[in-house]
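Work through the exercises below with the sequence and the model open beside you. Try each task before reading its solution.

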Amino acid sequence: YPFCEHTKKDLMQMEPEVLGGIIRERVHHTIEVPLYPTLLRWKDKPIPNFGEQAQLAFDAWRARGLPEDTPDMDWVKRHLVVAEKIRAGEKPEVDEPLPERFTADEMKVVRKLIWQRRSIRDWLDKEIPDEMVEQILEAGNMAPIGCNLGHLRFVVLRSPEEKAMIWSDISTKKAAVIIVVCHDKRVASAVGQDWLVPQNPGFDAAAAADHMLLMAHALGLGGVWLSELKKTSKTDDTGEKFKDRYGLPDYLEVDVHIAIGWTAIGSIKSARPSLNDIVIRKPTRR
């Protein structure tokens with residue numbers, strides 16, 4: 001596994017962003033994934049090496065004096081305590097609440113959010129408050145992400161000059177905000193995702209963009225999903241041009257961008273084919 005190629009010296013010298021990704025990935029794969037099957041089949045015996053790779057990576061983080069009071073590192077430390085008990089043969093208590101079905105009133109809100117969200121491309125020339133942009137970014141940060149890598153990066157563009165760097169079928173002159181979703185290629189490479197599951201970073205960016213659009217809709221704003229252009233015989237790579245213009249490092253890959261603003265005019269929501277037309281294999285009872 002790629003982690004095994006990293007020596008203690010590597011861990012002590014690599015960029016904190018990369019080391020953080022390795023720690024979260026090792027906690028995910030060597031503690032979080034095997035933890036619950038282990039608890040369900042508990043045999044009152046020590047399990048040597050359980051989560052040790054994650055511990056080694058975190059030890060390097062701590063030895064370097066890197067921040068430990070962040071939400072992701074709190075999550076890491078909680079799992080390391082659990083892993084230490086399992087290595088000692090002590091069954092840890094993990095008493096997290098199970099999912100509960102939403103009430104009828106809660107489901108109305110969920111349906112309102114999912115069924116009424118639509119793509120908006122026309123906005124008022126009215127600024128979005130910073131606190132709203134912050135809420136939208138927080139929603140993107142809470143989206144599902146493969147192996148909890150934490151490799152996504154968001155770039156917020158407000159001025160027409162900045163927004164003009166990102167191609168789209170919308171006007172960049174209005175006060176809409178564009179959020180560019182990128183990922184740090186160094187992190188995916190350090191844990192082997194670049195060759196094992198190279199599609200994952202794009203999925204992560206898409207999930208983040210969807211979460212942000214849903215939050216924007218809940219805040220009374222209108223948003224639209226947009227794609228960068230890739231280099232072809234007829235188009236330039238707008239992601240590369242964008243990185244060059246703003247001096248972003250080569251290891252950042254532009255994945256997708258969204259535009260959000262105050263809706264100028266109501267639009268007819270697009271409709272989808274019926275489930276009968278898109279479900280290839282219908283669920284059956286056994």
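## Exercise 1: A lysine in a helix

Lys243 is found in helix α11, which covers residues 238-246.

**Task.** Decide whether Lys243 is buried or exposed, and find which residues are in contact with Lys243 beyond its neighbours within four places in sequence.

**Solution.** 
1. The relative accessible area of Lys243 is 3%.
2. Buried means under 20% relative accessible area, so Lys243 is buried, at 3%.
3. Leaving aside neighbours within four places in sequence, the contacts of Lys243 are Leu248, Pro249, Asp250, Leu252 and Val254.

## Exercise 2: Two positive phi angles

**Task.** Asp44 and Cys147 are residues other than glycine with a positive phi. Where does Asp44 lie, where does Cys147 lie, and is each one buried or exposed?

**Solution.** 
1. For Asp44, phi is near 55 degrees.
2. Asp44 sits in the loop that runs between α2 and α3 (52-63).
3. Exposed means over 50% relative accessible area, so Asp44, at 61%, counts as exposed.
4. For Cys147, phi is near 60 degrees.
5. The loop between α6 and β1 holds Cys147.
6. With a relative accessible area of 14%, Cys147 is buried.

## Exercise 3: The largest pocket

**Task.** State the volume of the largest pocket, then describe which residues and elements line it.

**Solution.** 
1. The volume of the largest pocket is about 690 Å³.
2. Its lining is made of 22 residues, and those nearest the centre are Arg24, Asp72, Asn141, Asn148 and Gly150.
3. At least two lining residues come from each of α2 (16-40), α4 (71-87), α6 (130-141) and β1 (152-157).
4. Of the elements, α2 gives the most, with four residues.
5. Sorted by class, the lining of the largest pocket has 11 nonpolar, seven polar and four charged residues.

## Exercise 4: The second largest pocket

**Task.** Find the volume of the second largest pocket, list its lining, and say which element supplies the largest share.

**Solution.** 
1. The second largest pocket has a volume of about 250 Å³.
2. Its lining consists of Leu113, Ile114, Trp115, Arg117, Asp210, Leu214, Lys269, Ser270 and Arg272.
3. Two or more of these residues come from α5 (104-116), and two or more from α10 (200-218).
4. The largest share, three residues, is that of α5.
5. By class, the lining of the second largest pocket has four nonpolar, one polar and four charged residues.

## Exercise 5: The whole chain

**Task.** Describe the protein chain by its secondary structure, its extent, its burial and its contacts.

**Solution.** 
1. The protein chain has 12 helices and four strands.
2. Its C-alpha trace spans about 65 × 50 × 40 Å along the principal axes.
3. Of its 286 residues, 38% are buried.
4. Among contacts with a separation of 6 or more, 77% join residues 24 or more positions apart.
5. The chain exposes about 17500 Å², and carbon and sulfur atoms supply 55% of that area.

## Exercise 6: Confidence

**Task.** What is the average pLDDT of the protein chain, and in which helix is confidence lowest?

**Solution.** 
1. The average pLDDT is 91, and 95% of the residues score at least 70.
2. Confidence is lowest in helix α7 (residues 160-163), with a mean of 80.
3. Confidence is highest in α6, at 98.
4. Where pLDDT is low, predicted coordinates should not be read in detail.

Methods: Residues are numbered from 1 along each chain as its sequence is written. This is a predicted model: local features need pLDDT of at least 70, side-chain atom pairs count only at pLDDT 80 or more; totals for chains, interfaces and linings use all residues. Side-chain values use heavy atoms; hydrogens and water are left out. On a 1 Å grid over the protein atoms alone, a cavity is a set of points where a 1.4 Å probe fits but cannot get out, and a pocket is an open set with protein on both sides within 12 Å along at least five of seven lines; lining residues have an atom within 4 Å of a point. Grid points are joined across faces, edges and corners, and a volume is the space filled by probe spheres set on the points. Ala, Val, Leu, Ile, Met, Phe, Trp, Tyr, Cys and Pro count as nonpolar, Asp, Glu, Lys and Arg as charged, and the others, Gly among them, as polar. Buried means under 20% relative accessible area, exposed over 50%, partly exposed in between (1.4 Å probe, protein chains only). Contact means heavy atoms within 4.5 Å. Accessible areas come from the Shrake-Rupley method with a 1.4 Å probe; for residues, only the protein chains shown count as cover. pLDDT is the predictor's confidence in each residue, from 0 to 100.
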